[in-house]
Amino acid sequence: MKMFRNIDRKQYMMDFCVVSKENYYEEEIKQLGGKMFYIPLKSKHPVKSFNAIRRIVKENNYNYVIRVNEHSLSTIDLLAAKSGGAKVLAMRSSNASSGSKMSVFLHKMFIFLPKIIPNVKFAPSKLAAEYTFGKNCIENNNTMLLNNGLDTKKFTYSVNERYKIRKQLGIEEEKIVIGHIGRFNTQKNHEFLIDIFNEFHKRNSNSILVLVGKGNLEDKIKDKVKKLGLANDVLFLGVRKDIPELLCAFDIFLFPSFYEGMPNTVIEAQTTGLPCLISDSITQEAKITDKVNYASLNETALIWSNKCLNLLSQNSFNRKEYSIIMKNKGYEMSDCVKKFVELVFNERNNTK
């Protein structure tokens, strides 16, 4: 979506193929000129899904197809696109795991597919790249790294935005705000996150936790919050469009995920100069600045809460400089879009 928003849409248009008709981005995609196609879920209707992709590609004469994936079996979608006439079969690895043990097992069984089917391969981190395309895929130059870019100006820290969003949310300025942005699913480890905040809040009663996102585990997490007596101290904001402003309002970014490829939100948090505490299962490549700190998921919630407390000393109002640092590190969106265009639409792909 970030590529679509920032690419020159007079030259390049992006259409989207999804399985769910409850899509948060549908209205925006259509407003920007893109189309939405809906297909059956592959795990339930593999043949129908394959035929739907082939038909969509053939009827619309798509030469370029990109599959964003975290599982090797996703490559079957590229085979469907190829049978429909697509010439450039691009794959972007988006994660460093596939979730459950069975899912990871199946991924390893079919790992040969993403190694031989896509003719354009890229990933946001070395860890994500090697999970999908194999060891040394970066060194062997058959997979490219493409940063999760962002508009660094938009994510530059603003004191005014901090005060403004806190006022909108009814959060006093003296409150310590711990924030998290992510889907409510197993990967993001919300249950442990609540345990960490519970320990933190016992020692810092003037603290509040802000959770941004939606997902199938949201009700379960809400129940846990109520049982711990934290209902007045945890805000569930749902899906938001004002992420830069929210990050300005936070004092700590807490991210204890079980696995990630290269988390967008950690990149965004760093750009606002926000201290981050993330799990050490996340790639070390996420530590682009000195604002990222790691903790082990084998450590207790109490240890994590103490580390959060230590991070408060890192927080200051000298956070503006970090957007410049991130730009210089190659995370400016315009630079990433340029690299994306060169990678996917390169003349070596022998198509127009």
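At what angle do helix H3 (residues 46-60) and helix H4 (residues 75-83) pack, and how far apart are their axes? The angle is about 40°, and the axes lie 7 Å apart. This is a predicted model. The protein has 15 helices and 12 strands.

**Overall form**

- The protein has 352 residues and a radius of gyration of 21 Å.
- A compact globule with 352 residues would have a radius near 20 Å, so the value for the protein agrees with that form.
- The C-alpha trace spans about 60 × 40 × 40 Å along the principal axes of the protein.
- Of the 352 residues, 50% are buried.
- Take the contacts in the protein with a separation of 6 or more: 66% of them join residues 24 or more positions apart.

**Helices H3 and H4**

- Angles under 35 degrees count as roughly parallel and 65 to 115 as roughly perpendicular. H3 and H4 pack at about 40°, and are therefore oblique to each other.
- Their crossing is right-handed.
- H3 brings Ser49, Phe50, Ile53, Arg54 and Val57 to the contact. H4 brings Ile76, Asp77, Leu79, Ala80, Ala81 and Ser83.
- Seven residues of this contact are nonpolar, two are polar and two are charged.

**Helices H9 and H10**

- Helix H9 covers residues 190-203. Helix H10 covers residues 218-227.
- The two pack at an angle of about 20°, with their axes 10 Å apart. That angle makes H9 roughly parallel to H10, because the cut-off for roughly parallel is under 35 degrees.
- H9 passes H10 in a right-handed crossing.
- On the H9 side, the residues that meet H10 are His190, Glu191, Ile194 and Asp195. On the H10 side they are Lys220, Ile221, Lys224 and Val225.
- By class, the contact of H9 with H10 has four charged, three nonpolar and one polar residue.

- His190 is found in H9. Is His190 buried or exposed? His190 counts as buried, at 3% relative accessibility.
- Leaving aside neighbours within four places in sequence, His190 is in contact with His180, Gly182, Arg183, Phe184, Asn185, Leu211 and Ile221.
- Among these partners is Ile221, a residue of H10 that takes part in the contact with H9.
- Asn189 is found in the loop between strand S7 (176-181) and H9.
- Asn189 is buried as well, with a relative accessible area of 9%.
- The phi angle of Asn189 is near 60°, a positive value in a residue other than glycine.

**Asn141**

- Asn141 has its place in the loop between H7 and strand S6 (144-145).
- Phi of Asn141 is near 65°, again a positive value in a residue other than glycine.
- Asn141 is exposed, with a relative accessible area of 65%. Asn189, by contrast, is buried at 9%.

**Pro124**

- Where is Pro124 found? Pro124 is in the loop between strand S5 (120-123) and helix H7 (126-133).
- Pro124 counts as buried, at 5% relative accessibility. The cut-off for buried is under 20%.
- Not counting residues up to four places away in sequence, Pro124 touches Arg92, Ser93, Leu145, Leu146, Asn148 and Met262.
- Pro124 and Val210 are 86 residues apart in sequence. In space they are 27 Å apart, C-alpha to C-alpha.

**Helices H12 and H14**

- Helix H12 covers residues 264-271, and helix H14 covers residues 321-331.
- They pack at an angle of about 130°, with their axes 8 Å apart. That makes H12 oblique to H14, because roughly perpendicular ends at 115 and roughly antiparallel needs over 145.
- H12 makes the contact through Ile267, Gln270 and Thr271. H14 makes it through Tyr322, Ser323, Met326 and Tyr331.
- This contact has four nonpolar, three polar and no charged residues.

Definitions and conventions
Residues numbered from 1 in each chain as written. Predicted model: local features only at pLDDT ≥ 70, side-chain atom pairs only at ≥ 80, totals over all residues. Heavy atoms only, no water. Axes fitted to C-alpha atoms, helices over the stretch in contact; angles between N-to-C directions. Helix = DSSP H or I, 4+ residues; strand = E, 2+ residues; numbered from the N terminus. Left-handed = near helix turned anticlockwise from the far one by under 90°. Contact = heavy atoms within 4.5 Å. Nonpolar A, V, L, I, M, F, W, Y, C, P; charged D, E, K, R; others polar. Rg over C-alpha atoms; globule rule 2.2 N^0.38 Å. Buried < 20%, exposed > 50% of the residue type's maximum accessible area, 1.4 Å probe, protein only.
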